[in-house]
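My plan is to look things up one by one and jot down what turns up.

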Amino acid sequence: MTRIQKTESRLNYDYKTIRLTQSRIEKGLLAIPKAFSKYLPSSNKKVKVFFDDSNNFEIKNFTSYLSSTNENRIGGLKEWFNKKKLKDGDQIILQVINKKDNVYRIIPENKFIKKINYLQKYFDTSDNETKAEKYVDKLSDWLLQDKRKVFQQEYLRLSQQELIKLRKVKSSNRNIVRETVPANIRIILGTIYKGHCQVCSFMFLKRNRMPYFEIHHLNPELGH
C-alpha cells in the first residue's frame, strides 16, 4: 500500500512525500493515498503534470480512488521513473499548482530540496535588496507559499545558523566606521518589522513617508 508521510527536514518548510513502491514503478503509476484526495479530482479525468522544474506540462490520466482502486493514481509515468532511476522507497513530492484546473507538479524529494538550497544560496549572497527579493519571489513560487511566510521562514533559518568561526576583530573608531549588513538580512528585517525597533517597537518615517531604520549587530565583535 502506498503511504504518504509528513517530512521534517533542515529546510524549516513542512511538506508531504509519497513513498514509491516497486509494483507501482513497474506499472508507471504514482499511487496517491486517499488522505490526499481533497487536493485531487473526485472523478477520472485528464490532468496537467509538470515534471521536476520544467515549465512545460504533460497531459496524464488520473484515476480517482472512488473507481474501486482505493487509491488515487496518475498513470503514464514509466518513462519518467526510468529517466530519474527511481526505485522502491524513494520519496516523491506532489505539488498542487491549481486544483481547479487540475494542474500538478511531480518531483523527487532530493531534487525539491536541491532547488531550495540553490535559491537560498543566492538569496544569502545577494549584493542588493532587489536581487534578494527576486530570490524570495522564486522561493515563494517554488514552494507555493505566501511570500510573507517565506520571509518569516528564511528569517528563522538564518537566526538558527551557527557561527562557523569568530569574526576577526580590529581596533577602530566605532563612531565613524560602519559595516555593511547583508542584503538578505536587510530585506528580511525590513519586510517583517517595517522599520520598527525589535527591542522597543519605536519607529519614525523619513520625508518620503517610508520607515527609517538601521541594522546593527547585537555584538559587533561576534557578528550576531
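**Entry 1: the hairpin.** How many residues lie between β4 and β5 in their hairpin, and which residue in the turn has a positive phi? I found five residues between the two strands, and Asp-52 has a positive phi of about 55°. A note before I go on: this is a predicted model, where local features need pLDDT of at least 70 and side-chain atom pairs count only at pLDDT 80 or more, while totals for chains, interfaces and linings use all residues. Residues are numbered from 1 along each chain as its sequence is written, and side-chain values use heavy atoms, with hydrogens and water left out.

**Entry 2: strand neighbours.** I looked up how β4 is paired. Helices (H or I, at least four residues) and strands (E, at least two) are DSSP runs numbered from the N terminus, and two strands pair if DSSP finds at least two bridges between them. Strand β4 (residues 45-51) runs antiparallel to β5 (residues 57-63), with six bridges joining them. Within that pairing, Val-49 has Glu-58 in β5 as its bridge partner. β4 also pairs with β8 (residues 103-108), this time in the parallel sense, over four bridges. There I see Phe-50 opposite Arg-105 of β8. A reminder to myself: in a regular strand the side chains alternate between the two faces of the sheet.

**Entry 3: salt bridges.** My criterion here is a side-chain nitrogen of Lys or Arg within 4 Å of a carboxyl oxygen of Asp or Glu. The search of the whole structure gave twelve salt bridges. I picked out a few of them.

For exposure I use relative accessible area: buried is under 20%, exposed is over 50%, and partly exposed is in between (1.4 Å probe, protein chains only). Asp-53 counts as partly exposed because its relative accessibility is 38%, and Lys-111 counts as partly exposed at 29%.

Next I checked Asp-124 and Arg-157, whose side chains meet in a salt bridge at 2.8 Å, N to O. Asp-124 is in helix α3 and Arg-157 in helix α5, 33 residues apart, and the pair links distant parts of the chain. Is each partner buried or exposed, or in between? Asp-124 is partly exposed at 25% relative accessibility, whereas Arg-157 is buried, with a relative accessible area of 11%.

Arg-186 and Glu-129 meet in a salt bridge as well, at 2.7 Å from N to O. This one joins helix α6 to helix α4 (residues 129-143), the partners being 57 residues apart. Glu-129 has a relative accessible area of 35%, so I logged it as partly exposed. I also noted a network in which salt bridges with shared partners join Arg-24, Glu-71 and Arg-73.

**Entry 4: aromatic rings.** Rings of Phe, Tyr and Trp (its six-membered ring) pair if their centres lie within 6.5 Å; planes under 30 degrees apart count as stacked, over 60 as edge-to-face and the rest as tilted. I count eleven aromatic pairs in the structure. One of them is Trp-80 with Phe-81, a tilted pair at 5.8 Å centre to centre and 45° between the planes. Both Trp-80 and Phe-81 are buried. The Tyr-155 and Tyr-193 pair is edge-to-face because the planes are at 90°, with ring centres 6.0 Å apart. Tyr-155 lies in helix α5 (residues 147-160) and Tyr-193 in helix α6 (residues 183-193), 38 residues apart, so I get another link between distant parts of the chain. Tyr-155 is partly exposed at 26% relative accessibility, and Tyr-193 is partly exposed at 27%. Ring pairs also link Tyr-15, Phe-112 and Trp-142 into a cluster.

**Entry 5: cysteines.** The structure holds zero disulfides. Cys-197 counts as partly exposed at 29% relative accessibility, and Cys-200 counts as exposed at 52%.

Technical notes
Disulfide = S-S within 2.5 Å.
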